[in-house]
Amino acid sequence: MFQPKKKRPRIRKTMSGLIALTLLSSLVLPSVAGAEPMEPSRVQFTDVSVQAGQSVHVPVTLKQPDYSAVTAYNMQIDYDSSALEIVRITPKYVGSNFPSIVENNEANFQYKIDNKAGWVRIIWADFTAGDHPVPVEQQLFDIEVKAKNNAAAGTKRLTVNREDAEHWSFTNVDYENYTELSGGTITITAANSGGDNSGSTPTPNPGNSSGGGGGSISPTSPVVTPVPSTPAVTKGVDIYVNGQKQEQSATATTSTVNNQVTTTVRVDNDKVINQIGSGLRTLLLPITGTGKGAVVGELNGKLVKTMEGSNAEVVIQTDSGTYTLPANQIQVDHVLNQFGSTVPLEDITIQIAIVPSATSKQTAIQAAADKLENTTVVATPVDFEVKAIWNGQQVNVDRFNSYVERSITLPEGVDGSKITTGVVLQPDGSLLHVPTKVIKGNGQDSAIINSLTNSTYALIYHPATFSDVSSHWSRDDVQDLASRLIVQGTGENVFAPDRSITRAEFTAVLLRGLGLHSPISTETASFTDVKTGSWYEDEVQTAVSYGLISGYADDSFRPNNEISRAEALTIVSRAMKLVGLAQADASETTSLLSTYSDSAKVQAWAAEPVASAIKQELVQGADGKLMTDADISRAQSAAIVKRLLAKAGLI
């Protein structure tokens, strides 16, 4: 009777009887069917977002006037079975506090899922004939929905045919079946591919006065709670505060979710706060013995705020890698503003995670490496994540004010010299450089990656050589940067080291070297000569957002003009602030420039940037001259960018 006309599978008797009760209850309960109340009852499906391959919970709530009460309902929810599947329905109101609601061992709440046809039927009835209706405002049930692994990014809806009484029937004590419906949009995002976009629109942060950019957190979204496939095992663990062991100051819970072993370490926040006072420098959570499993460290907002005041950092140390995160980069005040300024900090959970990348990401990384010549992926790619959770909502902390260090441990037997750089997986499936250096270990080497974002990272071996730099002074610098995907040749095995470089080209090389691949804010540059769709448009926008370029007084950028040494060093000096390199002050500027015979030719606007580059040994001049008005070459650009990264300890 109640099945969709397209298919009538056999339904057990108890469910059929309960559906009949919901549809006929208006005959036995007093009502004024047909009349319309001043205010209808309202059913709300919460709008949610979910990554492909993950599950999300959709609360379904009922709000009704205080003069009305639902005593039975029956609804069939339809969905696109090619993209979604229903995992389970969890009742939130069944009247279980009243034993008389259950008669003859027949439950008063039942549901049936048909993931092949794409529908779920939920029914409930008050067996006490109206003594225990649904309260005025109440969550009825929870739908756990999974986006299939192959689900395309976009929106899907949970829908109900409200014109069909077999699909939508609400019986009220006073008004029969006058109930409105809203919500039900499910936004599917691609499995998080890392890069400078995390799948949600970042909330811009004004940044700092140095032009070094600012961190950002994503808007709130519902928490996705995976269902463990194995029972969780919990035990006490030791942590370290300022290098001193704190026994049993955390608990570690291990379970398996989607074939992924996950260990969650929950810090005893109050115990740590009481022990550290104002002298906390480092909170170390060493979680070893998990192999390739995921590790999540959990602290609350109160502890993070205490650490922030002490300029402390939290370190998550695992078999697959280490994440060293300064507490001030979590930006707990910004997180609090997302949830509401009155939320107690101790109620906010901060999760810091190191997770081996999903198979889909590993496949995408390998596909991107295959498109590059002579490229090998080394070790399993890793995701680094920071989330804040409160009351079923979460925000992702995905950008930072300064470089944050994380490491990937190489498998035993893998030689660190066979790694040329770390790369980040972009949303378009490409691989881009992130500043990386290899550290030799006793048994295993590791790669240290510094980044201003949280992303999916991989390590590659991409040796590069050019025939025209084999005997050139810049050979090592050029080939090192080429192996890092920072510079490219101009033709088959040719680099053209002595060719001049344009303003757009120099900007692009510097950004690639720094690992800056997208703007930090939505503010756009308004240069009159930066064409929409040009190859350098994104680079110019990114450089402007980080305060690296400003253009000319006539609102032009002159992207195709050859860049002078003074102009290049001015951009580099701004990057020095971002990477934490000290610049020359006024007295140093005079002293440093005076040693060059052409110092009088250095224009006033370029004096401090040029002196800063000299101070950090990024340039040396030639024959006692700076030649700031001369064009800079491709080889010189590579050398300056490499020295900048090395001096900052990024490579």
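I take partly exposed to cover a relative accessible area between the two limits, where buried means under 20% and exposed means over 50%. I keep in mind throughout that this is a predicted model.

**Entry: two asparagines with positive phi**

I looked up N242 and found a positive phi of about 55°, although this residue is not a glycine. I placed N242 in the loop that runs between β15 (233-241) and β16 (244-257).

I then turned to N311, which is not a glycine either and has a positive phi of about 55°. The loop that holds N311 lies between α3 (301-309) and β20 (313-318). For N311 the relative accessibility is 66%, and I therefore noted this residue as exposed.

**Entry: a sheet of four strands**

I followed an open sheet made of four strands, and I wrote down their order as β6-β7-β4-β10, with antiparallel pairing. Which strands stand at the edges of this sheet? They are β6 (109-114) and β10 (168-172), each of which pairs on one side only. I also checked how neighbouring strands of this sheet are turned against each other, and the average is 5° when direction is ignored.

Within the sheet I looked at one pair in detail, namely β4, which spans residues 70-78, and β10; these two strands pair in the antiparallel sense over five bridges. As a point of reference on the structure, I marked A72, which stands opposite T171 in β10.

**Entry: the second largest pocket**

I went on to the second largest pocket, for which I noted about 1,000 Å³ of space. Its lining comprises 36 residues, and those closest to the centre of the pocket are L372, H462, L485, V487 and Q488.

Which helices and strands each supply at least two residues of this lining? I listed α5 (359-371), β26 (431-434), α7 (503-514) and α8 (537-545). Of the elements, α8 gives the most to the lining of the second largest pocket, with four residues.

Finally, I sorted the lining of this pocket by class, and I counted 14 nonpolar residues, 14 polar residues and eight charged residues.

Technical notes
Residues are numbered from 1 along each chain as its sequence is written. This is a predicted model: local features need pLDDT of at least 70, side-chain atom pairs count only at pLDDT 80 or more; totals for chains, interfaces and linings use all residues. Side-chain values use heavy atoms; hydrogens and water are left out. Two strands pair if DSSP finds at least two bridges between them. Axes are lines fitted to C-alpha atoms, for helices over the stretch in contact, and angles run from 0 to 180 degrees between N-to-C directions. Buried means under 20% relative accessible area, exposed over 50%, partly exposed in between (1.4 Å probe, protein chains only). On a 1 Å grid over the protein atoms alone, a cavity is a set of points where a 1.4 Å probe fits but cannot get out, and a pocket is an open set with protein on both sides within 12 Å along at least five of seven lines; lining residues have an atom within 4 Å of a point. Grid points are joined across faces, edges and corners, and a volume is the space filled by probe spheres set on the points. Ala, Val, Leu, Ile, Met, Phe, Trp, Tyr, Cys and Pro count as nonpolar, Asp, Glu, Lys and Arg as charged, and the others, Gly among them, as polar.
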